[in-house]
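Here's a short tour of two spots in a protein model. Keep the 3D view open while you read.

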Amino acid sequence: MLEKTYDPKEVEDKRYAQWEEAGAFAAGRAPDGDPYAIVIPPPNVTGSLHMGHALNNTLQDILIRHHRMLGRDALWQPGTDHAGIATQMVVERQLEESGASRRELGREEFLKRVWGWKEQSGGLILNQLKRLGSSCDWSRERFTMDEGLSRAVLKVFVELYKQGLIYRDKRLVNWDPKFHTAISDLEVEQRETAGKLWYFKYPLEDGGGHLTVATTRPETMLGDTAVAVHPDDTRYRDLVGRNVILPIAGRPIPIVADEYSDPEKGSGAVKITPAHDFNDFEVGKRHGLPMINIFDMEARLNENAPEAYRGMDRFEARDGIVAEMDGLGLLEKVEDNDMVVPYGDRSGAVVEPWLTDQWFVDAAALAGPAMEAVRDGRTEFVPRHWENTYFSWLENIQPWCVSRQLWWGHQIPAWYGPDGEIFVELTEEEALAAAEAHYGKPAGLTRDEDVLDTWFSSALWPFSTLGWPGETPELGKYYPTDVLVTGFDIIFFWVARMMMMGLHFMDEVPFRTVYIHALVRDEKGQKMSKSKGNVIDPLDLIGEYGADAMRMTLAAFAAQGRDIKLSAERVGGYRNFATKLWNAARFCEHYECRPDPDFDPASCAETVNRWIVGKVARAAGDVTRGLDEYKFNEAAGAVYSFTWGTFCDWYLEFAKPVLQEGGDAAAETRKTAAWALDQLLHILHPFMPFITEELWDRLGSGRPSMLIESPWPRFDGPADADADADMDWVVRAVTQIRSVRAEMNVPPKAEIPLTIRGGDDAARRRVDAHGALVTRLARLSGIGFSDGEVPPGSVQMVLDEATLVLPLAEIIDIGAETARLEREIARLEGEIGKFDRKLANEGFLAKAPAEVVEEQKERRADAALNRDKIAEALERLSGAA
């Protein structure tokens, strides 16, 4: 017998263990089914579950459970990313706490420590995903540094190198001076900063005055190799081609014309430091300028700076340069300047554009096929507009820096000969053989110490996890995968690179569909951040409300292209939904509604049962359609509406008197109720797997399979139109009467006679058949038909061709109720006026964050909706007066 209340804590761990023990998540259990595959975006091995993970994995799990029930051979491929810089930082911090460093330990011993940490602590997030209910095939779990994936990474690097698509070059990179490594754009955090704009005078070489340049980074001026002005800027046209003397350094540098210079910004003349600014680097290439690197790996000034500044920290040098320029009379002015400064997201150090030797992938050569695959529809983005972001990045793609100055990661398979000759091979033995062939004798080689960017191994994820470079059965069966579920922020960093690598090495796209989900924000629409103190921990929500409630909340609000506003209260609302379902199951159990494997829903004689059979079929179709179209909110809304409204609020209420009376009608209704609840559990299972599996097991003894393994409901033939029309009429009649009672403050226990005017034969037949239901559910004293005069003080409602009349004069004070509604309308009109004034205020619109403006619009819309509803009630009441 079901307990009085549902307790997720008593159910979730138990049911998950049951699924795992039965191998329910494993691919290959439906060998005759069409393959369906999803690869999980591998979370960092250092990671802990956050709301983005919770949304992403909930949506994937909904899809995989649904397709598993459809009979597909479903694979959800799990695994984790080695997270180079993040993992290395964790272990380095542990060493620092014990007074040691990785340099003291040495590379080999340090890597042992990292592997030890990974084995001990690296599986945390996967266990958290299990708490969420994620039904990955854990027997196939992969790690980007495991032996098979490492072999794939090395093979890809070597092949790309030998195809001329990987090369070593000196270019600017994002340099983290604390971690001493290049980092990706995704690891750079752009922070709004109140900075300064310094105006320096650079004297003309010929003594004919000076040129004023504006800079936010005085410390880089010692590496200037030109001053740029716009070719159309008439102020400087005559100066182009002449030289200025770089102050402090004393070097002559040219004045060049380049469209990069903005005549409207600063003085219109801009210093060019090709070795320390990405835009300046491009200007330098266009004009053949020298590239002078003035910083070392710690962002201290090096031997290319004047002697007085060598060894100085860059910001200490900034103060010194500004002071010296002021002393030379070359500081014209200083202005406040709001600016964006790049920081390493993990080190917290200001990132330095640094000119250094690195390994690069010729991304432009790989981008063409990746764009073509989306243009011709082999891969589709949902929502479609994200294709524009994809194309924008790929059309302007730069060489991809894939080397990192770390120890944790895939060490680059490159060896250097005595003269610097590079040998790229899969193994050291092959490199030595290549060197001997090159030099004509054995030669000592030194291996490149750098490792590969984490995104390099992640780019191979869809095929490396399936066994490539081996020709495995899994690779042949599950590649290409069906859908990738991910966030918009890594369309370029990950999605585009998987497309490039998949097409290049597999000659096929890695996935047919890319579903881009939105952000999870707080209830006010603000982005979650620790600094704001508005971070919502999904594990806290699971602990408080259960995993099913959180999953259903995320799915219900996962509308395409719209961010999710999350609050604990919303999750609490879906816990109430779970309670509603549990109570419905207890109702069925109380009335002995037991599943009958021989029950045929098409054989029902009772109208109410034929009606619910049709509603079940429609709900299943709506859920299937929503999931097929990746409209998770519509699918969740369909099953929610059916469960709470159609099944619990209406069908069970309709069934109650039949079940209480007994007889043949009760026997049929018991079977129908049990069957409908079973179908409900099926279509709700992908969203709320724990409670549905629990009820499936507890309500049906001797089931042939667990719910997770049961087939998705399929229905043939149309619904019973007559039953649909009859019972929907009952629902609409009761709903309208209840609405009027609530609007007019009718006492709950008051029973009122209902008169139907203008009712046709169908209305009379429906009242004859179902009048007792309407009377009970709407709390009426009776139902009659009359076309005579409407009694004074009556409220009228239109229902199809008929008019429903409720006499209220003896039940409520119509005058007092009219005054109350008028006061409420006036209050709401005042609120709407305040919102309108605020939203018409240009100052407010300019300064307020977008989420605040959106909140004001939503509150205004809610107030207007309430006003209109009350105005309708007032109009009805006015007609009764």
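Predicted model: local features only at pLDDT ≥ 70, side-chain atom pairs only at ≥ 80, totals over all residues.

Three strands make up an open sheet, in the order β8-β7-β13, and they pair in the antiparallel sense. Which strands stand at the edges? β8 and β13 do: each has a single partner strand, so one side of each has no neighbour in the sheet. Going from one strand to the next, the twist averages 20 degrees.

Now zoom in on the pairing of β7 with β13, which is antiparallel and runs over 13 bridges. If you look for glutamine 190, you'll find it opposite proline 342 in β13. There's also a helix here: α9 lies across β7 and β13, and it runs at about 25 degrees to β7.

Here are the elements with their residue ranges:

| Element | Residues |
|---|---|
| Strand β7 | 188-203 |
| Strand β8 | 210-215 |
| Strand β13 | 331-344 |
| Helix α9 | 314-327 |
| Helix α20 | 607-628 |
| Helix α24 | 721-743 |

On to the helix pair. How do α20 and α24 pack? Their angle is about 95 degrees and their axes are 8 Å apart. Angles from 65 to 115 degrees count as roughly perpendicular, so α20 is roughly perpendicular to α24.

Who meets whom? On the α20 side, the residues in contact include Trp611 and Arg618, while those on the α24 side include Met727 and Asp728. Taken together, the residues of this contact divide into five nonpolar, one polar and six charged.

Note on methods:
Residues numbered from 1 in each chain as written. Heavy atoms only, no water. Axes fitted to C-alpha atoms, helices over the stretch in contact; angles between N-to-C directions. Helix = DSSP H or I, 4+ residues; strand = E, 2+ residues; numbered from the N terminus. Parallel < 35°, antiparallel > 145°, perpendicular 65-115°, else oblique. Contact = heavy atoms within 4.5 Å. Nonpolar A, V, L, I, M, F, W, Y, C, P; charged D, E, K, R; others polar. Pairing = 2+ DSSP bridges.
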